[in-house]
Amino acid sequence: MKKTFVILLLFLSNGLLGQEDEQKFTLYFDNDVSELNAAHLAIIDSIKFSEEKHELDVHIKGYTNAVGDFLYNVHLSEKRAKNVQSLLREFTIISSKGYGELASDAASNRRVDILVHHKKDHIATLD
C-alpha cells in the first residue's frame, strides 16, 4: 500500500510539473467586440518575442458571455479566435476554435485564451 501511494504521488507530481510548462495568456474583450486592441497586441507581441517559436505549440480558445443570441455568440467567439490566430501564424497552431458563450454574462467570459507549450510536452486534446 505504501509503495503504491509513493508511486501515485510521484506520478501526480510529474503531471503537475508538466502542466507548469504551459503558459496561458488571456485577452479580455468589450461586449460585442472581436477586434484586437492595443492591450491585446502588446500581449501577442510578448508571445511573438519568443526565440523558440519553432519549438512551441499554440491553442487558441475564444469565448463570449451569455448576453445575446447563442448562434451570434458562437460566431463572435470564432471571430475573436481567428483574429488572434492571424497574428500568431509563425507558431504551430494546434487548434483555434470559438466555443461560444460561457454560463453567465460576466465580463471575464468575453475572452480569448492562448495556451502555449513546448512541442515535446504536447498532449492531444479532444476539443
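Me: Which residues is N109 in contact with, leaving aside its neighbours within four places in sequence?

Reply: N109 is in contact with Y63, T64, N65, L102, A103 and S104. Contact means that heavy atoms lie within 4.5 Å. N109 itself sits in the loop between β3 and β4. This is a predicted model: local features need pLDDT of at least 70, side-chain atom pairs count only at pLDDT 80 or more, and totals for chains, interfaces and linings use all residues. Residues are numbered from 1 along each chain as its sequence is written, and side-chain values use heavy atoms, leaving out hydrogens and water.

Me: Why does N109 count as buried?

Reply: Buried means under 20% relative accessible area, exposed over 50%, and partly exposed in between (1.4 Å probe, protein chains only). N109 has 11% relative accessibility, so N109 counts as buried.

Me: What makes up the secondary structure of the protein chain?

Reply: Three helices and four strands. Their order along the sequence is α-β-α-β-α-β-β. Helices (H or I, at least four residues) and strands (E, at least two) are DSSP runs, numbered from the N terminus.

Me: Which residues of α3 are buried?

Reply: N73, V74, L76, S77, R80, A81 and V84. They cover an arc of only 165° around the axis, which means they lie on the same side of α3. The arc is that of the directions from the helix axis to the C-beta atoms. On the other side of α3, L71 and K82 are exposed.

Me: What do the buried residues of α3 pack against?

Reply: β1 (23–28), α2 (38–48), β2 (56–64), β3 (92–101) and β4 (111–118).

Me: Where in the protein chain is confidence lowest, and where highest?

Reply: Confidence here is pLDDT, the predictor's confidence in each residue, from 0 to 100. The lowest is helix α1 (residues 2–20), at a mean of 34, and the highest is helix α3 (residues 70–87), at 98. Over residues 1–19 the pLDDT is below 50, and this stretch has zero contacts in the model beyond near neighbours in sequence.
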